[in-house]
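Please walk through the fold of this protein chain. Start with its elements, then go inside.

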Amino acid sequence: QVQLVESGGGLVQAGGSLRLSCAASGRTFSRYAMGWFRQAPGKEREFVAVITWRGLTTYYADSVKGRFTISRDNAKNMVYLQMNSLKPEDTAVYYCASHRNEYSSVGLTGSGGAFGSWGQGTQVTVSS
């Protein structure tokens, strides 16, 4: 199992930026794809961004493409989500997640079923 701890959320005005961080511990971080998901009040959890285990490939939800950037530092067991040009509709709890299987790219952009470990979430609130 892996333990994931998110940080960096907060309140920001529309058009502003935030950088979320996720610290991983407990297993070989570099072998697993990592993703960011979010859940707004009254809505289903949705995919935001994912990065493959070596960091060579990234995927984004259409709603954040061009504004958000996912990255990872395997030496530090960290994954990041840089969020620019934030909009009120980005308001949600953001979760970091680790793929169930090492070296796998199956189900990266789904609703999160391929991810077996989740952090506790960090709140992002964007005011208009």
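Helices (H or I, at least four residues) and strands (E, at least two) are DSSP runs, numbered from the N terminus. This is a predicted model, where local features need pLDDT of at least 70, side-chain atom pairs count only at pLDDT 80 or more, and totals for chains, interfaces and linings use all residues. Residues are numbered from 1 along each chain as its sequence is written, and side-chain values use heavy atoms, with hydrogens and water left out.

**Overall build**

The chain has 11 strands and zero helices. Its C-alpha atoms fill a box of roughly 40 × 25 × 25 Å along the principal axes. The radius of gyration, taken over C-alpha atoms, is compared with a globule rule of 2.2 Å times the number of residues to the power 0.38. For 128 residues, a compact globule would have a value near 14 Å, and the chain agrees with its 13 Å.

Contact means heavy atoms within 4.5 Å. Take the contacts between residues at least 6 apart in sequence: 59% of them join residues at least 24 apart.

**The core**

Buried means under 20% relative accessible area, exposed over 50%, and partly exposed in between (1.4 Å probe, protein chains only). Of the 128 residues, 44% are buried. A nonpolar core is a set of buried Ala, Val, Leu, Ile, Met, Phe, Trp, Tyr and Cys residues joined through side-chain atoms within 4.5 Å. The largest such core holds 36 residues, and Trp36, Val79, Leu81, Met83 and Tyr94 have the most contacts inside it. Several strands give two or more residues to this core, among them strand 3 (18–25), strand 4 (34–39) and strand 8 (78–83). Strand 5 gives the largest share, five residues.

**Two buried loop residues**

Ser104 lies in the loop between strand 9 and strand 10 (115–118). Arg67 sits in the loop between strand 6 (58–60) and strand 7. Are they buried or exposed?

| Residue | Relative accessible area | State |
|---|---|---|
| Ser104 | 11% | buried |
| Arg67 | 10% | buried |

Both count as buried because their values fall under 20%. What does Ser104 touch? Leaving aside neighbours within four places in sequence, Ser104 is in contact with Ala33 and His99. Not counting residues up to four places away in sequence, Arg67 touches Gln82, Met83, Asn84, Ser85, Leu86, Lys87 and Asp90. Met83 is also one of the residues with the most contacts inside the largest nonpolar core.
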